[in-house]
Amino acid sequence: MSCIRRTARSLYYAATLPYRWWTRRIAEAAHRAAVVVLTYHRVADDRATPWTMSNRMFTRQIEWLAARFDLVSLAEAQRKLRAGDNDRTAVCITFDDGYADNCQAAIPLLVRRQIPCVYFVTLQNVLDGVPFDHDLKLGKPAPPNTLEQLRAMADAGIEIGSHGYEHVDMGRIEDPRELQRQVLVSRLRIEKLLNRPVRYFAFPFGHGEHLSPAAMAIARKGGYAGVCSCGGGYNFPGQDPFLLARIPMDDSMSFLKNCVTIDPRKVRGAFSPWQPLAPSLEVHVPEMRS
């Protein structure tokens, strides 16, 4: 990211901070505070891809969040949404894909700090040890997690979720049997391999066009507790907690701060202290793989 863009984000955040503080306090007083679900992909110091974050930046982001917000599990976030009552802005941490590099520092940090996390993995890459296609296209292959790493994470309290059998666009799949394989068979195999329940599913890529209604119906009927998008968005009390909007993070503090403190540009007319909050509000996110 260019220095000019970072500076512009920081200046915008500082200029709108009083408004953010005011609207947050009003929303919390009304028990309508947002639940913001963040997703990370690969944390490593080579910055090989746009979806790679440095270990230093990840640590900075987690420390900044922990000092200012409630860091909760997806299950607790859903409870707040279902109850229609949330008196303090809450943040959830998730990961997508499943990169081995995350086990070097990022996951150990979350474990040490006892910060809840759902870690979504693409099963076939774990089983075969083959890098993800979106990394290979850039000529930047990175090893996926091994089964042993997933077991160690699960034992340490990290919740493992399904990110599909393969990392495919489910919005393009019409065959219901293939959707069941991606959504349900992946879940059953992960559960068997880890000997733990799999409660959540995250759509690969995760933008609107990738969210197959048929796949969501299969997930709901098949017993998932919830599914996650990744196109940007906030979650507010009173909305259906089954589909959770998430915001993918980049390697900067400015984007994190702008998103988590509720960017007023993204809630025009909906986030007013005198009006009910909209059930879900989208946030523009940089083009990233999920």
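Hi everyone, one definition before we start: contact here means heavy atoms within 4.5 Å. This is a predicted model, where local features need pLDDT of at least 70, side-chain atom pairs count only at pLDDT 80 or more, and totals for chains, interfaces and linings use all residues. Residues are numbered from 1 along each chain as its sequence is written, and side-chain values use heavy atoms, with hydrogens and water left out.

Let me begin with Leu65. Setting aside neighbours within four places in sequence, Leu65 is in contact with Leu38, Tyr40, Leu71, Val91, Ile93, Leu256 and Val260. Leu65 is also among the residues with the most contacts inside the largest nonpolar core, along with Leu38, Phe58, Ile93, Phe95 and Ile160. That core has 61 residues. By nonpolar core I mean a set of buried Ala, Val, Leu, Ile, Met, Phe, Trp, Tyr and Cys residues joined through side-chain atoms within 4.5 Å. Buried, in turn, is under 20% relative accessible area, exposed is over 50%, and partly exposed is in between (1.4 Å probe, protein chains only). Apart from this core lies another one, of 14 residues, including Val37, Tyr200, Cys228 and Leu244.

Now the whole chain. What does the secondary structure amount to? The chain has 10 helices and 13 strands, taken as DSSP runs numbered from the N terminus (helices are H or I, at least four residues; strands are E, at least two). A compact globule of 290 residues would have a radius of gyration near 19 Å, and the chain agrees, with 18 Å. That radius is taken over C-alpha atoms, and the globule rule is 2.2 Å times the number of residues to the power 0.38. Buried residues make up 56% of the 290. Of the contacts with a separation of 6 or more, 72% are between residues 24 or more positions apart.

On to the rings. Rings of Phe, Tyr and Trp (its six-membered ring) pair if their centres lie within 6.5 Å; planes under 30 degrees apart are stacked, over 60 edge-to-face, and the rest tilted. By this rule there are 10 aromatic pairs. Phe58 and Phe95 have ring centres 5.8 Å apart and planes at 55°, so this pair is tilted. The two are 37 residues apart, with Phe58 in helix 2 (residues 55-68) and Phe95 in strand 5 (residues 90-95), so to speak linking distant parts of the chain. Both Phe58 and Phe95 are buried. Ring pairs also join them with Tyr40 and Tyr119 into a cluster.

Two arginines come in here as well. Arg181 lies over the face of Tyr165, 4.7 Å from the ring centre, and the charged end of Arg187 sits over the ring of Tyr224, 4.8 Å from its centre. The criterion is NZ of Lys or CZ of Arg within 6 Å of the ring centre and within 35 degrees of the ring normal.

Finally, two loop residues. Is Thr89 buried or exposed? Thr89 is buried, with a relative accessible area of 4%, and is found in the loop between helix 3 (74-83) and strand 5. Not counting residues up to four places away in sequence, Thr89 touches Arg24, Glu28, Ala33, Ala34, Phe69, Asp70 and Val260. Val130, in the loop between helix 5 (123-128) and helix 6 (133-136), is partly exposed at 40%. With neighbours within four places left aside, Val130 is in contact with Asn125 and Pro144.
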